[in-house]
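Subject: Structure handover

Hi,

Here is the structure for you to look through. Please open it first, then read my notes below.

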Amino acid sequence: LISGLIVILFGLNFLGIFKMNLFRGGSKPLNSREMGFFPAMLFGIIFSLGWTPCVGAFLGSALMLASQQGHVIMLMLLCYSLGLGIPFLLSAILIDYLKSAFNWIKKHYRIINTVSGCFLILVGILMAAGTLGQLLNLLS
């Protein structure tokens, strides 16, 4: 119930009904020339901590499968690592080509936020009502 209410609050924030400044960044703009090795390393550490809940379940599943299949453990972990790393490498290589996609996102930012907010509210209602698990079971 509490998780569902939190997700609903995030959805209302996406819709712009109220503003939570928690995730809106700092008040002063960053100068990229002031950045050095240690701030970049700190950003990487914080980024990896933020991804831990997302990646952890999949890595745990890959490790469990690999432990049951002793002869292919390295191949499975290599495939997992490639699947995680290749999108980052491709986005770094193709960053100039992706600028048009980013411009499209900026142009349609309000629509994207509205749709995302509606989906968050829907998922929050399903979570609060306890029916999200049943829906996921139906879909699986």
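Which helix holds lysine 99 and aspartate 96, and how many residues apart are they? Both lie in helix α4, residues 95–107, and they are three residues apart. That spacing is about one helical turn.

Before going on, keep in mind that this is a predicted model.

**The charged pair**

The side chains of lysine 99 and aspartate 96 form a salt bridge. The nitrogen and the oxygen are 3.5 Å apart. Side chains of opposite charge can pair when their charged atoms come close. A search of the whole structure turns up one salt bridge. How open are the two partners? Lysine 99 is partly exposed, at 46% relative accessibility. Aspartate 96 has a relative accessible area of 56%, so this residue counts as exposed, the cut-off being over 50%.

**The aromatic rings**

Next, the rings. The structure has three aromatic pairs. One of them joins phenylalanine 47 and phenylalanine 88. Their ring centres are 6.3 Å apart. The planes stand at 80 degrees to each other, so the pair is edge-to-face, a label for angles over 60 degrees. Phenylalanine 47 is partly exposed, with 35% relative accessibility. Phenylalanine 88 is partly exposed too, at 39%.

**Helix α3**

Stay with α3 for a moment. This helix has 21 residues. From its first C-alpha to its last, α3 reaches 30 Å, close to the 30 Å expected. Where is the kink in α3? Look at glycine 85, where the bend is about 30 degrees.

**Buried residues**

Isoleucine 8 belongs to helix α1, residues 2–15. Its relative accessible area is 18%, so isoleucine 8 is buried, the limit being under 20%. Leaving aside neighbours within four places in sequence, isoleucine 8 is in contact with Ile121, Gly124 and Ile125. Isoleucine 8 and phenylalanine 119 are 111 residues apart in sequence. In space, their C-alpha atoms are 9.4 Å apart.

Asparagine 113 sits in helix α5, residues 109–129. Is asparagine 113 buried or exposed? At 13% relative accessibility, asparagine 113 counts as buried. Which residues touch this side of the chain from further off in sequence? With neighbours within four places set aside, asparagine 113 is in contact with Phe14 and Leu15.

**A separated pair**

Leucine 65 lies in helix α2. Leucine 65 is partly exposed, with a relative accessible area of 42%. Leucine 65 and leucine 126 are 61 residues apart along the chain. Their C-alpha atoms are separated by 31 Å.

**Cysteines**

Last, the sulfur check. How many disulfides are there? The count comes to zero. Cysteine 79 is partly exposed, at 48% relative accessibility. Cysteine 118 is partly exposed as well, with a relative accessible area of 44%.

Best wishes

Technical notes: Residues are numbered from 1 along each chain as its sequence is written. This is a predicted model: local features need pLDDT of at least 70, side-chain atom pairs count only at pLDDT 80 or more; totals for chains, interfaces and linings use all residues. Side-chain values use heavy atoms; hydrogens and water are left out. Rings of Phe, Tyr and Trp (its six-membered ring) pair if their centres lie within 6.5 Å; planes under 30 degrees apart count as stacked, over 60 as edge-to-face and the rest as tilted. Buried means under 20% relative accessible area, exposed over 50%, partly exposed in between (1.4 Å probe, protein chains only). Helices (H or I, at least four residues) and strands (E, at least two) are DSSP runs, numbered from the N terminus. Contact means heavy atoms within 4.5 Å. The expected span of a helix is 1.5 Å times one less than its number of residues. The bend at a residue is the angle between axes fitted to the seven residues ending there and the seven starting there. A disulfide is a pair of cysteine sulfur atoms within 2.5 Å. A salt bridge is a side-chain nitrogen of Lys or Arg within 4 Å of a carboxyl oxygen of Asp or Glu.
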